[in-house]
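Me: I would like to understand how the words used for a protein model follow from the values behind them. Could we go through some of them slowly?

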Amino acid sequence: MQAADDTLPADVAYRLVCEGTALLWRGDFHNARQLLQALARRVDRKAKAPASGGSAVASPAEHFHQHRQVQGRRARLLGMLLIELDASHGAALRRAPDLRMACTEAWGEADGPSVTSLRELQALVGAHEWRKKGVWIPALNSSIHPHYGVFSPVRGEYLDLVAQAPLPTLEHAVDVGTGTGVLAALLARRGVKRVTATDVDGRALTCACENMERLALAGVVQVVRADLFPPGRAPLLVCNPPWVPARPTSPVEGAVYDEGSRMLRGFLAGLAAH
C-alpha cells in the first residue's frame with residue numbers, strides 16, 4: 001500500500017493496482033471518485049480486448065464462468081483505491097460527504113479508525129439512499145425500504161405473479177427467505193390472516209421487521225429466524241429463491257447466486273412436509 005493524491009496519473013494508478021499495490025487516498029474526495037471512474041474505464045477496456053489464440057466456441061457455462069472471472073478481477077482492482085475513516089466513520093478529505101450514517105447502517109457503530117475501498121463506500125451511500133427513499137411497489141400501493149446487503153425488489157415480475165394469482169381465503173401462509181418482506185406484505189394485503197416470514201440473515205430480519213412496522217402489518221406478519229421453513233404446516237408457501245447456481249461473492253449476491261442450488265433444492269425437498 002502507498003499513499004496517493006491528486007497528482008497521481010490514472011495510467012500510473014492502473015499499473016500500480018494491477019501489480020497489487022493498494023492506493024491510500026490523501027487528496028480531494030471528488031478527485032478520488034474521478035480516478036475510480038478512470039480506473040474502471042481502463043479495466044473494462046482491457047476486459048473487452050480480444051483474447052489471443054483458441055478458436056473453439058465456448059459453451060454458455062464457459063461464457064458465464066469467464067464473465068464471473070472478469071467481474072471478480074474488476075471488483076478486485078477497483079477495490080484497491082482506499083479511503084481512511086476515523087473512529088466515527090468520517091472521512092477527513094476535502095469535499096468528502098458525510099458518510100457516517102451510511103456506514104453505521106451497514107456496519108454498526110465504529111470501534112476505531114478503519115480503511116475501506118472507495119467502491120464499497122459508494123455502495124454504502126447508494127444503499128443508504130435506497131433505504132431512505134424506498135422502492136415503490138405498485139401492487140402494495142406503497143414503498144418497501146431495503147437495507148444494505150438485502151435484495152432490493154426493483155424488478156417486479158415475481159411480485160405481479162403473487163399479486164395477481166387467484167387465492168382462496170387463507171388463514172396462514174409462509175414466505176420462505178423473505179428478504180425485505182415484500183412477498184409477505186403482499187400476501188397480508190391480499191387478505192391472508194396470518195403470514196410467517198422466515199430468513200437466516202440478520203440484516204434481512206431487521207429489514208423485514210421495519211417494513212412490516214412501516215406498512216402497519218406487524219400484527220399480521222410474524223418475522224422469524226429459520227433456515228427455510230418454520231415449524232408446522234401451512235396451506236400456502238411462497239419463495240423467491242436465488243436462481244443462479246454459482247457461488248456468491250458478497251452478501252447481497254446471495255439473493256441471486258446459490259451454489260449447488262442449495263436453497264431451491266432445500267425448499268422443494270421440504271415442501272411436502274410443510
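Reply: We can begin with a pair of helices: the axes of helix H2 (residues 29-48) and H5 come within 11 Å and cross at roughly 105°. The model is predicted, so local features need pLDDT of at least 70 and side-chain atom pairs count only at pLDDT 80 or more, while totals for chains, interfaces and linings use all residues. Residues are numbered from 1 along each chain as its sequence is written, and side-chain values use heavy atoms, with hydrogens and water left out.

Me: Why are H2 and H5 called roughly perpendicular to each other?

Reply: Axes are lines fitted to C-alpha atoms, for helices over the stretch in contact, and angles run from 0 to 180 degrees between N-to-C directions. Angles under 35 degrees count as roughly parallel, over 145 as roughly antiparallel, 65 to 115 as roughly perpendicular and the rest as oblique. The crossing of H2 and H5 is at roughly 105°, and the two helices are therefore roughly perpendicular.

Me: What makes H2 and H5 a contact, and which residues meet there?

Reply: Contact means heavy atoms within 4.5 Å. On the H2 side Phe 29, Ala 32, Arg 33 and Leu 36 take part, and they meet Leu 118, Arg 119 and Gln 122 in H5. By class, this contact has four nonpolar, one polar and two charged residues, where Ala, Val, Leu, Ile, Met, Phe, Trp, Tyr, Cys and Pro count as nonpolar, Asp, Glu, Lys and Arg as charged, and the others, Gly among them, as polar.

Me: What is the handedness of the crossing of H1 and H2?

Reply: A crossing is left-handed if the near helix is turned anticlockwise from the far one by less than a right angle, and right-handed if clockwise. H1 passes H2 in a right-handed crossing, and the axes of H1 (residues 10-18) and H2 come within 10 Å and cross at roughly 65°. In H1, Ala 10, Asp 11, Ala 13 and Tyr 14 meet residues of H2, including Leu 35, Arg 42 and Lys 46.

Me: Which helix gives the most to the lining of the largest pocket?

Reply: A pocket, on a 1 Å grid over the protein atoms alone, is an open set of points where a 1.4 Å probe fits, with protein on both sides within 12 Å along at least five of seven lines, and lining residues have an atom within 4 Å of a point. H3 gives the most, with six residues, and the lining has 27 residues, with Arg 119 and Glu 253 among those nearest the centre.

Methods. Helix = DSSP H or I, 4+ residues; strand = E, 2+ residues; numbered from the N terminus.
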